[in-house]
Amino acid sequence: MGRRVLIVDDHPTFRRFATRLLKAGGFEVVGEADDGRSALAAARRLRPELVLLDVLLPDMSGFAVAEALAADSGRPLVVLISSRSASELAAGLERSSACGFIAKSELSAEALAAIVNGRP
Amino acid sequence: VRAVRLLVGAGGAALLAAMLAGALHEDVLSAGEAWTHYAVVSFISISVGLLVWERRPGSRIGLLITATVLAGALSELPIVLPESALAVTIGLGAINLAAPFFAHLTLSYPSGRLTSRLDRAFVVITYVFALVYAVPLLLFYSPRSTYDPDVWDCPSCAVPYTHVAWYDVTGARRALDGVLFVLVVVFLTLLLRKLVRAGAGARRVVLPLLAVLFLLAARFCVELALALTGSSANFWTSSAMFWAETIGLLGIPLALAIGLLWGRGARSAVADLVVELERTPPGSVRDALARTLGDPTLELALWLPERESYVDGEGRPLELPTPVSGRAVTVLGDSEAPVAALVHDPALLEQRALLRSACAAARLALENERLQAELRLQLAEVRASRVRIVRAGDEERRRLERDLHDGAQQRLLSLGLALQLMRSELGSGANGAARLLGEAEAELGAALEELRALAHGIHPAVLTEHGLGPALRTLAARSPVPVEIKAVPDERLPAPVEAAGYFVVSEALANVAKHARASAVSVHAACEDGSLVVEVEDDGVGGAAPTAGSGLAGLADRLQAIDGRLTIQSRAGRGTRLCAEIPYAVVPAHR
């Protein structure tokens with residue numbers, strides 16, 4: 001059975017395709033959220049092992065959501081995604097508690113698995 | 001009023017003539033000549049007083065001069081006409097009446113108005129005191145049985161009508177003289193205060209008169225001191241006193257004449273002003289006017305017709321003071337369309353001619369000054385609007401970047417995921433379709449990259465979100481020529497400043513990549529004395545110049561809009577050094 005994933009992104013089309021892509025890649029997508037606050041609520045309710053988290057959300061930054069998730073009892077793994085490149089986000093990524101970053105254009109089940117499996 | 005003046009003049013002349021005749025006939029003091037002097041001086045003084053009264057009916061000065069001289073003459077009446085009970089009564093009643101008129105005159109000169117409350121109170125006290133002083137003399141003094149050696153005594157003299165009973169009033173007079181002495185000292189102090197407080201222009205008018213008045217006051221002090229010590233005037237003091245009095249009394253009309261002459265002098269000061277304004281730099285008209293008018297407190301208010309308000313030389317709005325503020329306002333030009341207004345010492349109103357001619361002389365210069373103030377205001381507005389335009393431009397760029405990111409970019413990214421899905425659905429069969437899919441993915445990747453570069457060029461999100469330091473590092477990472485970042489500011493700066501700093505480095509690095517053929521670039525950005533100073537230096541071929549329409553020229557414009565400065569050192573073969581100074585405190589726009 002694949003990892004339980006929560007997908008957080010404010011673009012519904014992107015979420016829909018990402019869900020199908022990850023499912024096809026063997027992940028179990030347990031939920032979707034479109035902003036920071038509902039992401040935190042969903043994480044508490046659904047207890048995912050992994051949160052795929054967009055950096056730029058309408059209500060708060062993905063970095064802040066990652067901080068909050070790290071303080072949460074479930075402590076899911078967080079992988080940040082963004083349409084911006086890693087170099088553009090370098091300042092935030094350096095300080096972030098997230099375990100990895102994937103540019104949205106590079107997103108695939110394999111890329112996600114590589115990051116997750118790299119960290120037991 | 002004219003009839004009153006004529007009557008006073010005729011009466012004064014008749015009185016003086018009668019006194020002179022009486023004195024010559026009686027041979028009082030065996031000094032007929034002295035009395036001739038006295039009568040002539042008094043006559044001249046009364047004439048001047050009446051003349052001033054005529055010329056300046058609004059001012060009390062003429063009246064006060066006349067009253068002072070007449071009161072002085074009246075107090076001498078018993079000496080020349082000792083047998084007349086009327087003369088003795090009037091003379092004793094007016095014994096010190098010249099003094100309050102005199103105090104009133106001097107303290108209110110040249111305007112005729114007592115401006116300070118202290119002066120007013122003092123003058124009232126002196127009038128009351130003069131009347132009080134006369135009371136014991138009128139009631140209890142008789143020249144027929146006097147023991148007072150200071151006051152004249154003669155057995156054949158008339159007794160005043162008001163005489164009640166004889167009583168030795170020497171003690172009372174000594175006490176009252178003591179008070180009088182104190183009053184004189186206070187008076188001199190008030191005079192000095194008046195002189196010190198007067199602006200130089202007013203002082204010029206007052207000074208000659210005050211000099212004479214001081215002489216008279218000093219003479220009066222000596223007289224009083226003699227009376228107080230009980231010593232009688234010896235020959236020397238009496239002749240000195242006589243001359244002091246003569247010179248003093250004659251000095252009053254003289255001083256007035258000199259004041260007038262100096263008024264003419266002031267007019268030649270206007271001539272100087274005209275010459276001076278020729279070479280007065282703009283903005284200094286106020287100083288030149290203040291010098292000419294002798295009023296260092298002078299303020300200049302320039303009228304801006306478009307705003308219908310007054311501003312100072314710097315273009316700051318200015319309210320004219322209200323009449324109760326103790327400042328006077330003189331408006332130049334007609335009241336419908338004024339050019340400017342002078343806010344000045346009210347004493348200058350006494351020199352209307354000077355004020356008028358100085359204003360006329362300065363009018364052209366003031367027109368210029370006004371245009372300058374208007375220009376300065378417009379310039380400030382243009383600068384403010386330039387800053388606003390740059391800000392609005394930056395804001396627009398930010399919005400565009402955000403729109404691209406949220407819209408097209410997200411759709412393309414979704415498309416990428418869809419293609420990936422399609423690839424996995426396709427499985428390993430259908431080679432042709434898989435190849436096509438690969439090409440589509442590659443094309444999509446290129447489109448995304450171009451879109452991101454475009455968005456980044458429009459306005460880098462990293463700058464908005466993380467500030468100049470991370471944004472410069474991103475730029476450095478993208479540069480094909482190796483970039484060494486030597487310093488970046490730690491703190492966040494105002495958005496226009498960060499944007500300007502960023503675009504300086506961005507443009508410089510783009511130029512290095514395109515033209516410089518450099519092997520290394522260094523970037524140094526730091527806060528120094530309230531400015532962000534950004535330096536970009538390369539070791540390339542040099543020869544960069546901000547030609548019109550070039551990126552560097554646009555950069556220089558952007559910097560100027562926020563009061564920044566761009567300097568370029570780029571000698572052929574010596575590399576290029578670009579330095580931008582951007583103050584963070586953007587100059588606030590004038591209203």
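Mentor: Before we start, a term: buried means under 20% relative accessible area, exposed over 50%, and partly exposed in between, with a 1.4 Å probe and protein chains only. This is a predicted model, where local features need pLDDT of at least 70, side-chain atom pairs count only at pLDDT 80 or more, and totals for chains, interfaces and linings use all residues. Residues are numbered from 1 along each chain as its sequence is written, chains are lettered from A in the order in which they are written, and side-chain values use heavy atoms, with hydrogens and water left out.

Trainee: OK, Asp529(B) then: buried or exposed?

Mentor: Exposed, because its relative accessible area is 82%. Asp529(B) sits in the loop between β7 (521-528) and β8 (531-538) of chain B; strands here are DSSP runs of E, at least two residues, and helices are H or I runs of at least four, numbered from the N terminus.

Trainee: And what is the phi of Asp529(B)?

Mentor: Positive, about 50 degrees, although Asp529(B) is not a glycine. Most residues other than glycine have a negative phi.

Trainee: What area is buried between chain B and chain A?

Mentor: About 2,100 Å², with carbon and sulfur atoms giving 59%. That is the accessible area (1.4 Å probe) the two parts lose on being put together, summed over both. On the chain B side, Leu417(B), Leu421(B) and Arg452(B) supply 27% of what chain B buries against chain A, more than any other three residues.

Trainee: Gln410(B), buried or exposed?

Mentor: Buried, because its relative accessibility is 2%. Beyond its neighbours within four places in sequence, Gln410(B) is in contact with His11(A), Ser83(A), Lys104(A) and His405(B).

Trainee: Last one: where does Arg47(A) lie?

Mentor: In the loop between α2 (36-46) and β3 (50-54) of chain A. Arg47(A) counts as partly exposed because its relative accessibility is 40%.

Key
Contact means heavy atoms within 4.5 Å.
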